[in-house]
Amino acid sequence: TLTDSEKSAVVALWSKIAPQTSALGAEALERLFTGFPQTKTYFSHFDLSHGSADIQKHGGKVLSALGEAAKNMDNLSALSDLHAYNLRVDPGNFKLLSHTILVTLAVHFPSEFDASTHAAWDKFLAEVSSVLTSKYR
Ligand code: HEM
């Protein structure tokens, strides 16, 4: 679990992310699909062209869910069911998406994304991923 100072670092950067969840989420997804094209198989029903409405909308959902998780990890319970039972996303993909989210945040918030904020977000995303993949076992 995150320490109080890690939690503050996550929440502080979240306040910058919140006004632009769709754009930042879309960028993280596009980085995922470009860098790790095998992940596109889960989204074969999406329009995956650059800047598509599907990608914008889904990016917004993913980052908003992170905002809810930053408030309280318990908010991920339904999403955990969805990813484990319905979507059956291979757990390894969560590391890939976490990476492209970190890259996106680093690019957009170079001064806020210092070493301790990077470390806190890395730990936060690993925790979210762990909750979203916990029901596979
Ligand atoms: C759906 C969040 C990781 C594949 C969703 C939804 C959210 C979400 C909020 C929408 C749920 C709804 O509409 O009720 C997250 C978060 C993740 C994560 C916070 C980790 C940080 C992944 C990964 C994959 C994935 C790694 C696969 C590479 C999907 C798919 C859907 C979905 C295929 C359904 C899309 C649709 O048909 O609308 N996710 N997700 N997710 N997620 Fe994830």
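This is a predicted model: local features need pLDDT of at least 70, side-chain atom pairs count only at pLDDT 80 or more; totals for chains, interfaces and linings use all residues.
Helix α2 meets helix α5 with axes that come within 8 Å, while helix α1 packs on α6 with the two axes 8 Å apart. Around the ligand there is a shell of 19 residues, to which α3 gives the most.

**Helix α2 against helix α5**

- The axes of α2, which spans residues 21-35, and of α5, which spans residues 92-108, cross at roughly 125° and come within 8 Å of each other. An angle of that kind makes α2 oblique to α5, and the crossing in which α2 passes α5 is right-handed.
- On the α2 side the contact is made by L24, E27, A28, R31, L32 and G35, and these meet L96, L97, T100, I101, V103, T104 and H108 of α5. Sorted by class, the residues in this contact of α2 with α5 comprise seven nonpolar, four polar and two charged.

**Helix α1 against helix α6**

- Helix α1, residues 4-17, packs with α6 at an angle of about 95°, and their axes are 8 Å apart. Because angles from 65 to 115 degrees count as roughly perpendicular, α1 and α6 are described as roughly perpendicular to each other.
- From α1 the contact takes in E6, A9, V10 and L13, and from α6 it takes in S116, T117, A120, W121, K123 and F124. By class, the contact of α1 with α6 holds six nonpolar, two polar and two charged residues.

**The shell around the ligand**

- Among the 19 residues around the ligand, those that come nearest are Y42, K61, A65, V89 and N93. Two or more residues of the shell are given by each of α3 (53-71), α4 (77-87), α5 and α6 (115-132), and α3, with five residues, gives the most.
- In terms of residue class, the shell around the ligand divides into 13 nonpolar residues, five polar residues and one charged residue.

**Residue S129 in helix α6**

- S129 has its place in helix α6. With 17 other C-beta atoms within 10 Å, S129 is partly exposed, because a residue would count as buried at 20 or more such atoms and as exposed at 12 or fewer.
- Leaving aside residues up to four places away in sequence, S129 touches F94, K95 and S98. The C-alpha atom of S129 is separated by 21 Å from that of T34, a residue 95 residues apart from S129 along the chain.

Notes. Residues are numbered from 1 along each chain as its sequence is written. Axes are lines fitted to C-alpha atoms, for helices over the stretch in contact, and angles run from 0 to 180 degrees between N-to-C directions. Helices (H or I, at least four residues) and strands (E, at least two) are DSSP runs, numbered from the N terminus. Angles under 35 degrees count as roughly parallel, over 145 as roughly antiparallel, 65 to 115 as roughly perpendicular and the rest as oblique. A crossing is left-handed if the near helix is turned anticlockwise from the far one by less than a right angle, and right-handed if clockwise. Two residues are in contact if their C-beta atoms, placed from the backbone, lie within 7 Å. Ala, Val, Leu, Ile, Met, Phe, Trp, Tyr, Cys and Pro count as nonpolar, Asp, Glu, Lys and Arg as charged, and the others, Gly among them, as polar. A residue is near a molecule or strand if its C-beta atom, placed from the backbone, lies within 6 Å of it.
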